Amino acid sequence: MRKRILAFIFTIALISTYFFPTMMFTSDALSSDIITSSEITTDEQVNYQKDSAQTVQTTAAYTLQDSTVYGSWSDSYLKYNCYAYALGRTDNCWPGRFSTIPNIDNFNEYASVYKLACDVKADLKSATFSNKCVNMTTTRPTSLKSGQSCICIRKSSDDYHLMKLSGSSWYHKPGLSNPLKYKYVPSTSRKWSDESSFLGVDYAPSTYYDSEIYFFIYSKEHGSIKSTWTGKDYHSQSRHYYLYSYDCSDCGEHIKTEWTSVPCSGPPCATPWSYSPKPEVV
Ligand SMILES: [Zn+2]
Ligand SMILES: [Zn+2]
């Protein structure tokens, strides 16, 4: 029965290819998608095997040093990593997946932390997450405004790790581990490790993240818009015109540039700006 179905599908495929050559392209695209997803699965298996090997090598009991286990074990943790956890997703993610690097084959784990941070920023601004306001900074925020979220990224030479702020604590999920609650605040004065916890058992770290840390403070809408005179102005008839730049005070993004005018009897012009002009912004 199965053979018959296969033969039937094969025949249909041949006919389709003959009459609709573009079907070949569609079919190729499909098979390459299948290869991609199987590769992701293989990656996950490798990670899992690495973790299993770690289990075998660990003889003495280990207790988590920098974090505590957050919540109880779920097999679903084996399906997603630190970035997915930081983003609130349950499928495997990598910096750039939603913007600059849709295919994991093109992801480079040796890239600089700055490069990966730029990819994270692009993801946060992508249509998938649609955060208009993303402030990327190496300064850890001391507080968040309503509607803002915060995650941060750091690197070892060949791996990356993310944490997210929730309430006043930082949480993270090393690889396929149970989520953990960090005992400290992210700081370059303390290395991060990939110590982990599976099925209620803690495992010692094998990787340390010691790069610069990039924080992302993000929200769906921009914060308050501040206006700054660009230094450009001119007089025309009975009015004086000034060019202002409007920028988000949270992320610094330029929103718009606009001329505004005030009544002016000059020349000589007697508006306050004329007495102490600021340098022209290029
Ligand atoms: Zn903004
Ligand atoms: Zn004037």
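This is a predicted model: local features need pLDDT of at least 70, side-chain atom pairs count only at pLDDT 80 or more; totals for chains, interfaces and linings use all residues.
In helix 4, the buried residues are L116, A117, D119, V120, K121, D123 and L124.

Helix 4 covers residues 113-125 and has 13 residues. From its first C-alpha to its last it reaches 18 Å, close to the 18 Å expected at 1.5 Å a residue. An α-helix has 3.6 residues a turn, so residues three or four places apart point the same way.

What covers the buried residues of helix 4? The cover includes strand 2, strand 3, strand 4 and strand 11. Their residue ranges are listed here.

| Element covering helix 4 | Residues |
|---|---|
| Strand 2 | residues 133-137 |
| Strand 3 | residues 149-155 |
| Strand 4 | residues 160-166 |
| Strand 11 | residues 214-219 |

Strands of a sheet pair through backbone hydrogen bonds, either parallel or antiparallel.

Strand 12 pairs with strand 13 (residues 239-248) in the antiparallel sense, over nine bridges. Which residue of strand 13 stands opposite S236? It is R239.

Now the whole protein. It has five helices and 14 strands. Of its 282 residues, 23% are buried. Among contacts with a separation of 6 or more, 58% join residues 24 or more positions apart.

Methods:
Residues are numbered from 1 along each chain as its sequence is written. Chains are lettered from A and ligands numbered from 1 in the order in which they are written. Helices (H or I, at least four residues) and strands (E, at least two) are DSSP runs, numbered from the N terminus. The expected span of a helix is 1.5 Å times one less than its number of residues. A residue is buried if 20 or more other C-beta atoms lie within 10 Å of its own, exposed if 12 or fewer, and partly exposed in between; C-beta atoms are placed from the backbone. Two residues are in contact if their C-beta atoms, placed from the backbone, lie within 7 Å. Two strands pair if DSSP finds at least two bridges between them.
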